[in-house]
Amino acid sequence: QVHLVESGGGLAQAGGSLRLSCTASGSFSIINDMGWYRQAPGKQRELVARITRSGSTDYADSVKGRFTISRDNAENTVYLQMNSLKAEDAAVYFCNAWALILSFIPPNEHWGQGTQVIVSS
């Protein structure tokens with residue numbers, strides 16, 4: 001099993017910053033790709049950023065230059081540093097991870113419960 005727990009959400013002013021964290025625990029052998037998604041009320045879930053185990057990253061156009069994704073493989077943790085927050089960044093942010101359980105089976109996808117980000121103006 002893989003359990004993902006997000007933290008770091010909360011209230012920030014427009015133009016401010018927050019850092020989200022997500023830690024994986026369980027019986028997996030290795031965590032491959034990790035990422036952050038978000039979903040605002042009435043909107044579909046969208047990709048915010050993703051990162052491979054080797055550190056290659058990809059960002060949604062709406063957050064490029066403002067958000068930074070990083071990871072600590074030893075701690076099985078992924079981070080999302082959010083700077084210059086805008087009202088449209090308000091959403092529930094979900095952690096995503098692909099975990100390898102057995103070497104001869106492809107990695108399986110897992111999701112956290114989400115952490116709320118509120119942006120005031």
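## Close-up views of a predicted model

**View 1. Asp61 is exposed, with a relative accessible area of 65%.** In this predicted model, the side chain of Asp61 meets that of Lys64 in a salt bridge, with N and O 3.1 Å apart. Side chains of opposite charge can pair when their charged atoms come close.

**View 2. Asp58 and Arg50 form a salt bridge.** Look for the closest N and O atoms of this pair, which lie 3.0 Å apart. Asp58 is partly exposed at 34% relative accessible area, and Arg50 is also partly exposed, at 37%.

**View 3. Arg38, Glu46, Arg66 and Asp89 belong to one network, joined by salt bridges that share partners.** Within it, the side chains of Arg38 and Glu46 meet with an N to O distance of 2.7 Å. Is each of these two buried or partly exposed? Arg38 is buried, because its relative accessible area of 5% is under 20%, whereas Glu46 is partly exposed at 35%. In total, the structure holds five salt bridges.

**View 4. The largest nonpolar core has 30 residues.** Trp36, Leu80, Met82 and Tyr93 are the ones with the most contacts inside this core. Among the elements that give two or more residues to it are strand 1 (2–7), strand 4 (30–39), strand 8 (77–82) and strand 9 (91–100). Strand 9 provides the largest share, five residues.

**View 5. Here is Leu80 with its neighbours.** Leaving aside residues up to four places away in sequence, Leu80 touches Leu18, Arg19, Leu20, Trp36, Val48, Ala49, Phe67, Thr68, Ile69 and Tyr93.

Definitions and conventions. Residues numbered from 1 in each chain as written. Predicted model: local features only at pLDDT ≥ 70, side-chain atom pairs only at ≥ 80, totals over all residues. Heavy atoms only, no water. Core = buried A, V, L, I, M, F, W, Y, C linked by side-chain atoms within 4.5 Å. Buried < 20%, exposed > 50% of the residue type's maximum accessible area, 1.4 Å probe, protein only. Helix = DSSP H or I, 4+ residues; strand = E, 2+ residues; numbered from the N terminus. Contact = heavy atoms within 4.5 Å. Salt bridge = Lys/Arg side-chain N within 4 Å of Asp/Glu carboxyl O.
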